Amino acid sequence: MATSTTIPITHETPRVLLYAIERIVAISAVRRACIVTQKVFETMVKGDHFTKSDESPVTVGDFAAQALISQIIHTVFPDDPIVGEEDASELYSPEKKEILHNITSIVNEGLTADRLDYEKEDWAIGLGRDISPQEVRENIDRGKHNGGNVGRMWTIDPIDGTKGFLRGGQYAVCVSLILDGEPVVGVIGCPNLPHDLNNPEGKKGWIFSAVKEQGAQRFTINGLDPIPLGMPSVSPESIVVLESVESGHSSHSFNSRVRELLTLKEPSLQMDSQAKYCSLAMGRGHLYLRMPTRPDYEEKIWDHAPGALLIKEAGGQVTDSRGKQLNFGLGRTLGKNYGVVACGSEVHSRVIDSVQAALEESRERAKMN
C-alpha cells in the first residue's frame with residue numbers, strides 16, 4: 001500500500017515524476033466514478049434522488065461516486081485528508097436504508113470492475129473488493145475535512161452539475177490534490193462531452209488531467225491515449241463566453257453586460273459543471289465567467305481547484321473578478337474571492353477591465369435605487 005510520501009521530493013527528483021502516482025490514482029478513481037454515474041443515469045428510477053436542505057438535488061450517483069473515490073484515495077494515501085461535497089447524514093435515516101443498499105451495490109460494482117494495465121491490485125480494486133454499507137457511509141463522511149493552507153488534502157466533487165446530470169446534459173466528476181493551499185494535481189471526467197461538436201450525439205466522454213508545471217492532457221474515458229492541451233490564442237472580438245445553464249449559479253444578466261462591453265458577437269455557450277473548464281482548455285469557448293448572484297456567496301474549493309489547475313497548465317489564467325489569484329487554502333470555500341474569470345492570458349487583462357466596469361455600473365445603479 002502506498003502512503004502520502006510515496007515519491008519523496010528532493011532537489012534531485014525529476015519533475016516529471018512528482019505526483020506521478022497521485023495523478024494515475026486520481027485518473028483511475030475518476031474513470032470508475034464516471035462508469036458508476038453513467039450506470040446510475042441509465043438505470044435511474046423514481047426515488048433515487050431527493051433534496052438537501054439547500055434545495056440542490058442529490059442522487060444515488062453523488063453518494064456512490066464520492067464513496068468510491070474516497071475509498072480508493074484513502075486506500076492508497078491513508079494519511080491524506082479529504083474535502084468532499086457530500087456527507088452521509090441523510091443515509092443514517094431508516095427511511096433511506098434501501099437507497100443506502102442501492103448505493104453500496106453500485107459502489108461495489110465500480111470497485112470490482114476489471115483493472116486496466118495502469119491500475120494496481122493493492123489499490124483495493126478488482127474482484128473480491130466489496131465494502132459494506134457502513135464503509136460506504138464512512139467513505140462519504142471522510143470528506144468532512146475543513147481544509148486549510150498546510151499540508152496535503154484531496155477534494156472530491158462526485159457529480160459537479162447534478163441538474164445537468166439529471167437532465168442528461170453535461171456534468172463532471174472532479175478530483176484534485178492540494179498542497180499548502182495550491183492545487184498540484186487535477187483530474188476531471190466528463191462522460192457526456194462530445195468528441196465532435198458538430199456531432200453531439202456521436203461518441204462522447206473525456207478525462208482531463210493536469211499536474212503543476214507538467215502541463216495538461218486529455219484522455220479517452222478509459223484514461224488512455226493522452227493528448228497534450230494548449231489553449232489557442234483568440235482575437236478579442238471572437239471570444240465565446242462559457243456560462244452556467246442555471247441562472248441561479250451565475251448571473252446571466254451580468255455576463256451579458258460584460259459581453260456588450262467586450263463588443264462580442266458570438267452567443268454564449270451554456271453548460272453545467274466544470275465541463276466548462278475542460279471545454280475552455282480545448283478551445284471550445286474562450287472565456288468562462290461565473291459571477292455570484294448574491295454578495296454573501298462563497299465558491300466551494302471542489303468546484304474550481306481541478307479546473308483552475310487545468311486552465312493554468314493549458315496556458316490560461318484563472319482569477320477572481322479583480323484579477324486576484326484564487327486562494328484554495330482558506331477552508332472549504334474560496335472565502336472573499338468574488339467571482340471567477342478564466343480565459344487565455346492574452347485577453348485576461350481586457351476581460352478584467354470589462355468585468356470591473358460592469359461591477360461599477362451595478363454599484364451605481366444600486367445607489368440610485
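Isoleucine 69 touches Ala29, Ala33, Ile156, Val173 and Val175, leaving aside residues up to four places away in sequence; contact means heavy atoms within 4.5 Å. The model is predicted: local features need pLDDT of at least 70, side-chain atom pairs count only at pLDDT 80 or more, and totals for chains, interfaces and linings use all residues. Residues are numbered from 1 along each chain as its sequence is written, and side-chain values use heavy atoms, without hydrogens and water.

A second, separate core of 37 residues includes Ala216, Met271, Leu280 and Ala305. The largest nonpolar core has 53 residues. A nonpolar core is a set of buried Ala, Val, Leu, Ile, Met, Phe, Trp, Tyr and Cys residues joined through side-chain atoms within 4.5 Å. Buried means under 20% relative accessible area (1.4 Å probe, protein chains only). Ile69, Ile73, Leu91, Ile103, Val107, Val136 and Trp154 have the most contacts inside the largest core. Its largest share, 10 residues, comes from helix 2. Helices (H or I, at least four residues) and strands (E, at least two) are DSSP runs, numbered from the N terminus.

Helix 8 spans residues 305-313. Eight of its nine residues are buried, so helix 8 is largely enclosed by the rest of the structure. Among them are Ala305, Pro306 and Glu313. Glycine 315 follows helix 8, with a positive phi near 105 degrees.

Serine 321 sits in the loop between strand 13 (316-319) and strand 14 (340-344). At 1% relative accessibility, serine 321 counts as buried. Its touching residues include Met291, Tyr338 and Leu359. The serine 321 side chain reaches the backbone oxygen of tyrosine 338 at 2.7 Å.

Technical notes. Buried < 20%, exposed > 50% of the residue type's maximum accessible area, 1.4 Å probe, protein only. Polar contact = N/O pair within 3.5 Å; in protein donor to acceptor, adjacent residues only side chain to side chain.
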